[in-house]
Amino acid sequence: MKITLNVWRQSSPEAAGSFVKYDVDGVSADMSMLEMLDVLNDRLESKGEAPIAFDHDCREGICGSCGFMINGVAHGPEKEITVCQTHMRSFKDGDELTLEPWRAMAFPVMRDLMVDRSAFDRIIQAGGYVSVRTGSAPEANATPVMKEHADMAFEAAACIGCGACVAACPNAAAMLFTSAKVSHLGLLPQGEPERDKRAIDMVAQMDKEGFGHCSNHGECEAVCPKGISVNFIARMNRDLLKATLRSSR
Amino acid sequence: MTLDGKCPSGPIETAWDRHRFNMKLVNPSNRRKYNVLVVGTGLAGAACAATLGELGFNVQAFCYQDSARRAHSIAAQGGINAAKNYQNDGDSVHRLFYDTVKGGDYRSRERNVHRLAQISVNIIDQAVAQGVPFAREYGGLLDNRSFGGAQVARTFYARGQTGQQLLLGAYSALSRQVHAGTVKLHTRTEMLDLVVIDGRARGIITRNLATGELESWVGDAVVLATGGYGNVFFLSTNAMGCNVTATYKAYKKGALFANPCYTQIHPTCIPVSGGYQSKLTLMSESLRNDGRVWVPKSAADATKDPSTLPEDQRDYYLERRYPSFGNLVPRDVASRNAKTVCDEGRGVGHEVDGQRRAVYLDFRDAIQRVGKSTIEARYGNLFHMYTKITGENPYESPMRIYPAIHYTMGGLWVDYNLMSNIEGLFVLGEANFSDHGANRLGASALMQGLADGYFVAPPTISDYLARVGWGSTVTAEHEGFKAAKGEANERIQKLLSIKGKRPVDSFHRELGNVMWDKCGMSRTKEGLEEALKRIPEIRAEFWENVNVPGENKGVNQSLERAGRVADFLEFGELMCLDALERAESCGGHFREESQTEDGEALRDDVNYCHTAAWEFKGVETAPTLHKEALTFDYVKLTQRSYK
Ligand SMILES: Cc1cc2nc3c(=O)[nH]c(=O)nc-3n(C[C@H](O)[C@H](O)[C@H](O)COP(=O)(O)OP(=O)(O)OC[C@H]3O[C@@H](n4cnc5c(N)ncnc54)[C@H](O)[C@@H]3O)c2cc1C
Ligand code: FES
């Protein structure tokens, strides 16, 4: 099939960007979205033109490197899937697709479809861990964990840190990302001692990075490739409230 | 050069403890005076950097992705082994040790493997304390499963995302140290060279992938935890960026490369669908517990709808050839048999380059036996993934699978301390050659990466630092750094100036095809000799006709790939040479000349019971082979049989 692409091209963080149109022929339904871009990039490279830059690595939907908007939707039309796992059979011959990077103040564009998501790392560095030195851990089965809690913690921990939640949010909030980590650790007995401090510190860092505030649109959950629930946001808000009350006492 | 593995003597059970007691310690107040450079933030690198940071050393950590959390360890699905014996099914440190040595086809060091089995239990404790959400039973205790044909259930798992959860655990420990200021993290930073001064590893040269800037980093020790080199085959289950650059550059600076030909092929991956294919996706091996592998008896039926083929026209070739293990034969055996039936023209699915390379993995009988809902509960996420990629429904028609490159057992040679023959250069995780011999057991790579990173390297690196002392006068202005940086820059300029006609990937694909055909699932003397002629030709054309657009400023992904492919084009030759030299079959290395009467791998313990470690002598000059003899005091060498 033939696909027409309108791709955001921006040569550097400072440069002004614009959309450039490309016609890609001979697209097979079995190709992934990124393989289709590979084919286009091979053509551009052969002509000595700069290929379209995009982050990607595992191409299995787990590393969280990839991600851009396809026709205004983070990771494209299919539910619970990243762009690297989106296959061209989701589209039809003659379709026109607009590819655009995540747009958020806290995620500056570096080049084309590639953005700087290091703000996420700094949120984790602010408190997304249990303070346990190597070698100081107790015997693993000494602390039983209710299966329901362990399973729910896993649901939250499944976040791949791709940033789609921020890109989809009208306020560019990072609440789903932050709440997933706060909830993952807060649900486990291992995370309990630092629960208050973690919530306070991670939310403070989130604000400092310039992410917006949550106004309950729920767009984040809708585009999350791992289907992470907005309930974790409510949970984090409760944790934060309790923590703030306790710390002001 | 004589290779000394520096293994402690005496009883194996207490070897590591005694060895640790003999190590030197660094006074806590002196630790911050030492700089350690850790390249790679996968399980091995993140664990090591975090632990050294906790001890108070000054650590600089590097990775090429935009975040430490994205290292390829994230993609591991199945699980991690540990000799906890929580299932009371007869597991023990000794059994895990024994299984690993045997599984590696007796080509690993006994003492390294024993230590790994001992440490396995501490890893689980550590991960659980970090909040890794392993699967649990209703009683709240940890669950286990049996994996990769093991007779005990010793595998810990977090659904199909064990690697992700363990890496996020190590990443959280690393993030804590970044916050504490002991670790400085350099993401989107690629190591291009190792700097060796007076025989000691003293630093690295990196390229900032966001700006193109080349930088020099001085350290008292250098740790490489840069993962495996499976992407030399172009198509593999590895992430797109996985590369050999860091370890290969160290090899060019004098580090020995051990057993490069030992690669693991995973039997159950989604087959290639077309020439544009960029990578292959693994389908967990657990599928073979219920799926039956078959192809049509007659090549004429290869294109028929599989559901129309009656029982007597199907060849369940694994069940036929291996009545006792059936579909659960080890990875290498399953893979080779799939290749054989496809070479006979009985492969199924799409024709790519004139051949059908796939076999059926059929759940029809299992669904009849236990019901669709049970199969869905067991494998729902895998079936879902298969459907997303292929557009087909495996509940109704059989899956199509084919083997793919998955893991590399070879790597830089290291001694018992995980130090290479270059003083101060430590190599961890998949990047070293250490514990898996000629074949790795399922769920053992995560175990080894974390054992190396959390528990083995931190004390051995401390011991090394205590012995060399602090206060070195080497700076980034040293001739060694200037020369290495100059060379790196020259190579970049050369790549950018060729402006030929072919894109980088086309060379990578071409090399990958040669490697897969001649140095893949089965190897012959003639084939390897052909490859050794062909690879230098591809390399020569690369340096004349590649087109790397743009300049060395800002993001230039073509330039990144070109550098990696250039290294693969040299490294592929070393692999083929090693495969040619090893005229026996062992583990994942199958030489057609060395097989039993009924076509099984035949080891030659008289001539090849050694590690082959190669010393670089020049790109166009043959490397020198050094051998480290392997001795077995605790495990008896036998021929594997799965009949
Ligand atoms: C699909 C798949 C499934 C798997 N499943 C399992 C399983 O179930 N159980 C199991 O035990 N094992 C499994 N494995 C194997 C296991 O995941 C890996 O062997 C292991 O995670 C490797 O860890 P590592 O830390 O050595 O390297 P990696 O995780 O690969 O990390 C390498 C690091 O080095 C960095 N790096 C590389 N080159 C450079 C450079 N030149 N400059 C700077 N940085 C660099 C990268 O950025 C990265 O941070 C699986 C592998 C694959 C591919
Ligand atoms: S490339 Fe890893 S999630 Fe898409």
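Predicted model: local features only at pLDDT ≥ 70, side-chain atom pairs only at ≥ 80, totals over all residues.
A cavity, as I use the word today, is a set of grid points where a 1.4 Å probe fits but cannot get out.

The search of the whole structure returns 12 cavities of 30 Å³ or more.

I turn now to the domains. In chain A, the assignment places domain 1 at 3–110 and domain 2 at 117–247. The centres of these two domains of chain A, taken over C-alpha atoms, are separated by 29 Å. Between them, 20 residues of domain 1 of chain A are in contact with 20 residues of domain 2 of chain A.

Chain B is likewise divided, with domain 1 covering 268–406 and domain 2 covering 479–611. Here the C-alpha centres lie 30 Å apart. The contact between the two domains of chain B involves 14 residues of domain 1 and 11 residues of domain 2.

Next, the nonpolar cores. The largest comprises 236 residues, and those with the most contacts inside it are Phe211(A), Ile80(B), Phe134(B) and Leu425(B). Let us take Leu425(B) as an example. Leaving aside residues up to four places away in sequence, Leu425(B) touches a set of residues including Leu194(B), Ala201(B), Val222(B), Leu224(B), Ala250(B) and Ala255(B). Leu418(B), Met419(B) and Ser420(B) are also among the residues that Leu425(B) touches.

Finally, the cysteines. How many disulfides are there over all chains? With a limit of 2.5 Å between cysteine sulfur atoms, the count comes to zero. Cys242(B) is in no disulfide, and the nearest cysteine sulfur, that of Cys63(A), is 9.9 Å away. Is Cys242(B) buried or exposed? Cys242(B) has a relative accessible area of 10% and is therefore buried, the cut-off being under 20%.

Cys261(B) is in no disulfide either; the nearest cysteine sulfur belongs to Cys519(B), 6.5 Å away. Cys261(B) also counts as buried, because its relative accessibility is 0%.

Methods: Residues numbered from 1 in each chain as written. Chains lettered and ligands numbered in written order. Heavy atoms only, no water. Buried < 20%, exposed > 50% of the residue type's maximum accessible area, 1.4 Å probe, protein only. 1 Å grid on protein atoms, 1.4 Å probe; cavity = no way out; pocket = protein on both sides within 12 Å on 5 of 7 lines; lining within 4 Å. Points joined across faces, edges and corners; volume = space filled by probe spheres on them. Core = buried A, V, L, I, M, F, W, Y, C linked by side-chain atoms within 4.5 Å. Contact = heavy atoms within 4.5 Å. Domains from an automatic or database assignment.
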